[in-house]
Amino acid sequence: MSTKCQNCPLRRMSAFEEMSADDVKFMQKFKVGELVVDAGTPILMEGSNSPQLYTALHGMGLRYKLLSNGARHVVSLVFPGDFVGLQAGIMGEMGHSVEATTKMTLCVFDRSEIWTFFKERPERAFSLTWLAAVEEHFLGEALSTLGRRSALQSVAWALARIYIRGSALKLVSNSAMKLPYKQQDLADALGLSLVHTNKTLARLKARQLAVWSDGTLRIPDIDALAEVALLDTRTVQLRPII
């Protein structure tokens with residue numbers, strides 16, 4: 001059974017903006033179903049022109065680009081509440097690929113209806129624009145990390161960002177959250193070798209700032225880790241749900 005928008009579990013989380021009853025009804029008309037995929041399943045492929053857009057309801061994934069020599073760069077991680085496929089919806093094709101890291105449930109929307117947002121629900125269209133701006137801001141911060149943060153600062157930044165997002169999604173309990181990614185994923189996101197990433201994680205563990213093992217991330221003091229990462233944790237904006 002497809003989850004009704006009025007029963008969406010994401011709406012009960014403090015990380016997201018409240019939706020009016022009219023917004024919920026409108027989104028229910030926009031939603032055409034749900035897709036359940038296993039870990040490792042491609043959701044969208046770079047260069048594809050998908051007729052569908054998605055919101056991650058459950059599970060985690062990642063966005064990545066492949067170079068002509070086969071090298072991979074992880075653009076960002078996908079968490080519950082993330083909207084996937086906006087590039088194809090606006091530009092006609094995807095500039096990166098999206099893959100499920102765990103089993104995922106995705107809300108499915110008809111891409112051809114995206115213009116209805118702008119014609120009938122400008123406030124919902126603004127939410128789409130806001131999400132695009134957030135992605136641009138994140139990519140700017142990621143570029144600064146690649147160019148100016150040291151390896152220790154970079155890994156600390158990535159883990160702190162993940163932990164803060166997980167906390168907002170109620171994925172953190174007793175200073176720990178499930179993190180089903182591989183060290184290679186983190187290395188590919190930060191432009192580091194796997195060996196360098198492993199050694200840097202060991203340094204963070206030795207300093208009792210962060211421990212990532214057996215698929216679980218433990219951070220005893222997020223403020224201490226954020227200080228190493230040169231990350232300001234004071235401002236956490238509510239995200240709209242599409």
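## Exposed, buried and in between

A residue is called exposed when its relative accessible area is over 50%, buried when that area is under 20%, and partly exposed in between. Keep those cut-offs handy for this predicted model. Gln208 has a relative accessible area of 65%, so this residue counts as exposed. You'll find Gln208 in the loop between α7 and β11 (211-213).

What does Thr200 touch, once residues up to four places away in sequence are set aside? The answer is Ala151, Leu152 and Val155.

With a relative accessible area of 25%, Gly95 is partly exposed. Gly95 and Trp157 are 62 residues apart along the chain, and their C-alpha atoms are separated by 25 Å.

Most residues other than glycine have a negative phi. Which way does Ser175 go, positive or negative? Its phi is positive, near 65°. Ser175 lies in the loop between β9 (172-173) and β10 (176-178), and its relative accessible area of 31% makes it partly exposed.

Gln208, the exposed residue we started with, also has a positive phi, near 60°.

## Where α6 meets α7

Now for a pair of helices. Two packed helices are described by the angle between their axes and the distance between the axes. For α6 (residues 183-190) and α7 (residues 194-206), the axes come within 9 Å and cross at roughly 105°. An angle from 65 to 115 degrees counts as roughly perpendicular, so α6 is roughly perpendicular to α7.

Who makes the contact? On the α6 side, the residues are Gln183, Gln184, Leu186 and Ala187, while α7 brings Leu194, Thr197, Asn198 and Leu201. Sorted by class, this contact has four nonpolar residues, four polar ones and no charged ones.

## The largest pocket

Next, the open spaces. The largest pocket holds about 1,100 Å³ of space. It is lined by 45 residues, and the closest to its centre are Phe138, Glu141, Arg161, Arg165 and Arg239.

Which element gives the most to this lining? That's α4, with 10 residues. Elements that each supply at least two lining residues are β5 (72-78), α4 (122-148), α5 (151-168) and α6. By class, the pocket lining splits into 29 nonpolar, seven polar and nine charged residues.

## A cavity inside

How many cavities of 30 Å³ or more does the structure hold? There is one. The largest cavity has a volume of about 150 Å³. Its lining is made of 15 residues, and those nearest its centre are Cys5, Cys8, Cys107, Ile241 and Ile242.

As for the elements around the largest cavity, α1 (21-30), β3 (52-58) and β8 (104-110) each supply at least two lining residues. The cavity lining has 10 nonpolar, two polar and three charged residues.

Conventions. Residues are numbered from 1 along each chain as its sequence is written. This is a predicted model: local features need pLDDT of at least 70, side-chain atom pairs count only at pLDDT 80 or more; totals for chains, interfaces and linings use all residues. Side-chain values use heavy atoms; hydrogens and water are left out. Axes are lines fitted to C-alpha atoms, for helices over the stretch in contact, and angles run from 0 to 180 degrees between N-to-C directions. Helices (H or I, at least four residues) and strands (E, at least two) are DSSP runs, numbered from the N terminus. Angles under 35 degrees count as roughly parallel, over 145 as roughly antiparallel, 65 to 115 as roughly perpendicular and the rest as oblique. Contact means heavy atoms within 4.5 Å. Ala, Val, Leu, Ile, Met, Phe, Trp, Tyr, Cys and Pro count as nonpolar, Asp, Glu, Lys and Arg as charged, and the others, Gly among them, as polar. On a 1 Å grid over the protein atoms alone, a cavity is a set of points where a 1.4 Å probe fits but cannot get out, and a pocket is an open set with protein on both sides within 12 Å along at least five of seven lines; lining residues have an atom within 4 Å of a point. Grid points are joined across faces, edges and corners, and a volume is the space filled by probe spheres set on the points. Buried means under 20% relative accessible area, exposed over 50%, partly exposed in between (1.4 Å probe, protein chains only).
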